[in-house]
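Subject: Structure handover

Hello,

Here is the structure you are taking over. My notes on it follow below.

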Amino acid sequence: MDKLNAVGRRKAAVARVYIDKGKGNITVNGKDFKEYFCVPFMQDQVLMPLQALEMTGDFDIRVNVKGGGIKGQAEATRLSIARALVKVNEEWKPALKAKGLLTRDSREVERKKYGLRKARRATQFSKR
């Protein structure tokens, strides 16, 4: 198996993953993923595709992620790992799809409109 790569996006975050056979090392932007994503919930998000296939220690994964916040980056990483695993073996696709790991969450931040406080929030109406 050659090094495979895949891209995942969420909000403003973009994650590119390089996957290779190995011992289960995951590095994000040159750091260990547990150091980069210090919240346990986000660590679980990153490991979710590997846990769905019960292959936590089979692949070395290197992630380059940029943009957005830490939560968006974790979810972009989750999608890119799932896509890379499908490139490794097409038979894993139904198991990942059943858990919803191959679906791109397309929700983005709505832009602010002029005359309003936020995207939809107007100032309080005053009768007098």
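A residue is called buried when its relative accessible area is under 20%, exposed when it is over 50%, and partly exposed in between, using a 1.4 Å probe and protein chains only. This is a predicted model, in which local features need pLDDT of at least 70 and side-chain atom pairs count only at pLDDT 80 or more, while totals for chains, interfaces and linings use all residues. Residues are numbered from 1 along each chain as its sequence is written, and side-chain values use heavy atoms, with hydrogens and water left out.

Aromatic pairs

Rings of Phe, Tyr and Trp (for Trp, the six-membered ring) pair if their centres lie within 6.5 Å; planes under 30 degrees apart are stacked, over 60 edge-to-face, and the rest tilted. By this rule there are 2 aromatic pairs. The ring centres of Phe59 and Trp92 are 6.2 Å apart and their planes stand at 75 degrees, so this pair is edge-to-face. The pair links distant parts of the chain, 33 residues apart: Phe59 is in strand β5, and Trp92 is in the loop between α3 and α4 (93-98). Helices (H or I, at least four residues) and strands (E, at least two) are DSSP runs, numbered from the N terminus. Both Phe59 and Trp92 are buried.

The rings of Tyr36 and Phe37 have centres 5.0 Å apart and planes at 90 degrees, so they are edge-to-face. Tyr36 and Phe37 are both buried.

Strands

Two strands pair if DSSP finds at least two bridges between them. Strands β1 (residues 4-10) and β2 (residues 13-21) are antiparallel, with 7 bridges. Leu4 has Ile19 in β2 as its bridge partner. The two strands form a hairpin with 2 residues between them, and Lys11 in the turn has a positive phi of about 55 degrees. β2 is also joined to β5 (residues 59-66) by 8 bridges, again antiparallel. In β5, Asp60 stands opposite Asp20.

Core

A nonpolar core is a set of buried Ala, Val, Leu, Ile, Met, Phe, Trp, Tyr and Cys residues joined through side-chain atoms within 4.5 Å. The largest one has 31 residues, of which Leu50, Phe59, Ile61, Leu85 and Leu96 touch the most other members. At least two residues of this core come from each of β2, β3 (26-28), α1 (33-36), α2 (40-52), β5 and α3 (70-88). The most come from α3, which gives 7 residues.

Contact here means heavy atoms within 4.5 Å. Leaving aside neighbours within four places in sequence, Leu50 is in contact with Ile26, Met55, Thr56, Phe59, Ile61, Ile81 and Leu85.

Pro49 lies in helix α2 and is buried, at a relative accessible area of 0%. Its C-alpha atom is 5.4 Å from that of Ala82, 33 residues away along the chain. Beyond four places in sequence, the contacts of Pro49 include Arg78, Leu96 and Leu101.

Helix α3

Of the 19 residues in α3, 14 are buried, so the helix is mostly covered. The expected span (1.5 Å times one less than the number of residues) is 27 Å for α3, and its end C-alpha atoms are 27 Å apart, which agrees. Thr77 is in this helix and is buried at 0% relative accessibility. Beyond four places in sequence, Thr77 is in contact with Ala15, Val17, Phe37, Val46, Val63 and Val65.

Regards
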